[in-house]
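Welcome! Let's take a friendly walk through a protein model, starting with the whole chain and then looking at some of its parts.

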Amino acid sequence: MRKMCLNQIYELAKKDPRIFFVGSDLGVDTLKQFKNEMPQRFLMEGVAEANVIGISAGLALEGKVVYANTIATFLSRRCFEQIVLDMALHQVKVRLVANGGGLVYAPLGPTHLAIDDIAILRAVPNMTIIAPCDEQEMKRLMPLTVDYPGPIYIRLAKGGDAVVSNDRHPLVIGRAIPMREGKDILMVTTGITLQLALKAAAILTKDGIETAILHMPTIKPFDARTLLSYAAQVPAVLSIEEHTIVGGLGSAVAECMAEANWNCVKRFKRIGIPDAFADHYGSQNDLMAYYGIDVPNICATARQMLSSQDKVTV
């Protein structure tokens, strides 16, 4: 996914002289073609992420469209004040390309796990947050980011993930994408958790459970209207994210449903990372399984929510 994203930046820059790339201590071959063909619009800073944000914001204030790329934790945590004051306050067109959203850098421990980036940046006014599910959705998304107003946080997955997106529904920043219809439970996903939900839904079908799936490539602005229209048709809603359950997708879903003031009861559950630093080491998949962000736990949770003793009607 990162390779696709960077290639798209290069292709867009060839057509649009406003586009700049600013990196922070990335590999020497990162966007080599961009550097060779458009050196005046390619900047590579050292380990100075806050400075990257300042440079990017300054360029954007001069009418440029800037794509700034480094590790997700460094962008969201280390540069928070610069993001707020230099970017968001002025609504500049800086696109933060964040490597390793979620548990991608699992072998490096909790310092590199971007488990709270969505929560941090959801609280920032004027900030847009997107998390594509695969490289093809990323490819369709990138042209939309060029002229979109204000700053954007683009959350990248590890790469090599299965392609599960399609172009049946137009991709619009700020719009949810219905992926599956069902009357028993609604699963709401973002990023790579869409592929997990699709696999779980196929298994649950054998149990007679009809699962609707709503994919949220945009987490902010949040498509409350589409969520509520789908949630209103089912007795249970399950959010699935590779992020802490505090302040992320699940929180956005819960807030939206709570303010809907429905007369009927809805069962609701969040699957994600608990409110704790990682105390387990391994690969991304190891940690996903450790926290239950996997197909077996999604299926088990859905069955529990719809069990006879807990089942509710719309």
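## Before we start

A residue counts as buried under 20% relative accessible area, as exposed over 50%, and as partly exposed in between, using a 1.4 Å probe and protein chains only. What you see is a predicted model, in which local features need pLDDT of at least 70 and side-chain atom pairs count only at pLDDT 80 or more, while totals for chains, interfaces and linings use all residues. Residues are numbered from 1 along each chain as its sequence is written, and side-chain values use heavy atoms, with hydrogens and water left out.

## The whole chain

The protein chain contains 12 helices and 12 strands. Here helices (H or I, at least four residues) and strands (E, at least two) are DSSP runs, numbered from the N terminus. The chain has a radius of gyration of 20 Å, close to the 20 Å from the globule rule for 314 residues, so it is as compact as a globular protein of that length. That radius is taken over C-alpha atoms, and the rule is 2.2 Å times the number of residues to the power 0.38. Along the principal axes, the C-alpha atoms fill a box of roughly 65 × 40 × 35 Å.

How many of the 314 residues count as buried? The share is 54%. The chain exposes about 13300 Å², with carbon and sulfur atoms supplying 52% of it; such areas come from the Shrake-Rupley method with a 1.4 Å probe, and for residues only the protein chains shown count as cover.

## An open sheet

Now find the open sheet of 5 strands, with the order β7-β9-β8-β11-β12 and mixed pairing. Its edge strands, β7 (177–180) and β12 (267–273), each pair on one side only. From one strand to the next, the twist averages 20 degrees. Strands of a sheet pair through backbone hydrogen bonds, either parallel or antiparallel. Two strands are called paired if DSSP finds at least two bridges between them.

β7 and β9 (residues 211–215) run antiparallel and are joined by 3 bridges. Arg 180 has Ile 213 in β9 as its bridge partner. Helix α12 (residues 295–305) packs on the sheet and touches β8 (185–189), β11 (236–244) and β12, its direction making about 160 degrees with that of β12. Contact means heavy atoms within 4.5 Å; axes are lines fitted to C-alpha atoms, for helices over the stretch in contact, and angles run from 0 to 180 degrees between N-to-C directions.

## Charged partners

The whole structure holds 10 salt bridges, each a side-chain nitrogen of Lys or Arg within 4 Å of a carboxyl oxygen of Asp or Glu. One of them joins Asp 16 and Arg 18 at 2.7 Å, N to O. Asp 16 is buried at 15%, whereas Arg 18 is partly exposed at 26%. Arg 18 also meets Asp 147, at 2.9 Å. Arg 18 lies in the loop between α1 (2–15) and β1 (19–24), and Asp 147 in the loop between α7 (135–145) and β6 (152–155), so this pair ties together parts 129 residues apart in sequence. Asp 147 is partly exposed, with a relative accessible area of 48%.

Another salt bridge links Arg 122 and Glu 255, whose closest N and O atoms are 2.8 Å apart. Arg 122 belongs to helix α6 (residues 117–122) and Glu 255 to helix α10 (residues 249–258), so the pair ties together parts 133 residues apart in sequence.
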